[in-house]
Amino acid sequence: MRNLKSTTLLFELSQPGRRGATLPVCDVPVPSAIELIPAAARAASPPPLPEVAEPEVIRHFTNLSTLNMSVDTHFYPLGSCTMKYNSKRNERMAALPGIADLHPLAPEETIQGLLELLYELQHMLAEISGLPAVSLQPAAGAHGELTALMVAAAYFRHQQQPRTKVLAPDSAHGTNPASARMAGFEFVTVKSNASGFVDLEDLAAKLDDSVAVFMITNPSTLGLFDRQVGQIAKMVHDRGGLIYLDGANMNAILGITRPGDFGADMMHYNPHKTFSGPHGGGGPGAGPICVAEKLAPYLPTPIVVREEGSEVRVQGSGTDDRTSSLNPEPRTLNPLPIAFCAVLATLGWKRTKRITRLVVLPEFQGLGIGPRLAETVAAAEVAKGNRVTITASHPSILAWCSRSPRWKYLGLKKTGSTRQQLGQRTIRCSTGRAVASFEFVPDQ
Ligand SMILES: Cc1ncc(COP(=O)(O)O)c(C=O)c1O
């Protein structure tokens, strides 16, 4: 239980004469400390330090430490990213002294191990994305969006093409329009169709030579993978624009398909969603970006590089077209080693597909697990001579039942709760609007 008393300031707990430690009397002559300090450097009076006992100090700071939000101790009201499995082993590895205790300004030759790790990470992220040039600089997903849009702006400036607009579907995360505006673009929304995918007619109507970038989250925030993405990329490329892939849901396609292969020119990763890092909540965290070769000269510096056979080093500013350093805070490094540990050390990055197959596809393709289980139970009940009906409100169960020939549609029902009737048993769920009921008809 939280010790509320210890949130009191140490100054308020102070009692004259209380001490944290009492040292034994010294048995050799001790010069007075005051005589060791030159008169000019002495304060007029002693500092007003709190006088408290050791247990009070320990309780105070232990309690303060519990006020940090933590997935172990609190409800953590962020989105899907925090529901992913963030193994602590990766955190422990990233907290090894060789990584965590490095001085942010340590000379390059003394941090070759860390630079090697970052260099390898760049390589892995490029391979997974199908986009060869990487910047580890951005401090969050949103920061990655902004960085990539600034890269796009520099690219078009260099091409002497005055492109002013960024487009994204209405299902986009709020950071997409915000990043577009911050990078100096006008933001235009493209409609989604009835199935939740990009409305191609609306996209075609809004595409013109002033469009710099179309941003797409795929799978989208609705959990749908838009199979039209290749066609969308062609439409945008034909008008000279670029495709930005918001990689927040990369864990659903990791190792299965690559943004670079389906037409993306730029993307960001959210390591806190995909690679078990802590969520920066807009930063400090990490949001590395990958871009196509033609955009590489505009990436922000520094970049970790290695020339054949030489040491790994940090490359400073390049051409004038480069987006200048966007992350002055070196301590945001932490999620990157965690990402490295998650991908390389835990799984072997070439097997990242396993993350997707084992963990995420069932989540995204919600169809299947629940209804299939229900069908197995239902078949057993029907075999015993029982009638089995299901009243469904969850979209995935509705979709499954209405498509499967094993479920006969009985009609609409409006009740305040969801019921599942299996033989003699009725299972009632307290939430949801039950909208349709079906009867199980086993295979003949
Ligand atoms: C689709 C999408 N894009 C971008 C972001 C922004 O990422 P971050 O919170 O790392 O800034 C999120 C975060 O939840 C997201 O879900």
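In this predicted model, helix 10 spans residues 229-238, and its buried residues are Val229, Ile232, Ala233 and Val236. These four cover an arc of only 100° around the axis, so they lie on the same side of helix 10. The face turned away from that buried side carries exposed residues, namely Gly230, Lys234 and Asp238. Helix 10 therefore has its buried residues gathered on one side, with Gly230, Lys234 and Asp238 exposed on the face turned away from them.

The buried residues of helix 10 pack against three elements: helix 9 (200-206), strand 4 (211-217) and strand 5 (242-247). After helix 10 comes glycine 240, which has a positive phi, near 85°.

Another part of the chain shows how two helices meet. Helix 7 covers residues 141-158 and helix 8 covers residues 175-182. Their axes come within 9 Å and cross at roughly 40°. The crossing of helix 7 past helix 8 is right-handed.

The residues that form this contact can be listed from each side. Helix 7 contributes Gly141, Ala142, Glu145, Leu146 and Leu149. They meet Thr175, Asn176, Ser179, Ala180 and Met182 of helix 8. Sorted by class, the contact between helix 7 and helix 8 has five nonpolar, four polar and one charged residues.

Technical notes
Residues numbered from 1 in each chain as written. Predicted model: local features only at pLDDT ≥ 70, side-chain atom pairs only at ≥ 80, totals over all residues. Axes fitted to C-alpha atoms, helices over the stretch in contact; angles between N-to-C directions. Left-handed = near helix turned anticlockwise from the far one by under 90°. Contact = placed C-beta atoms within 7 Å. Nonpolar A, V, L, I, M, F, W, Y, C, P; charged D, E, K, R; others polar. Buried ≥ 20, exposed ≤ 12 C-beta atoms within 10 Å, placed from the backbone. Arc of directions from axis to C-beta.
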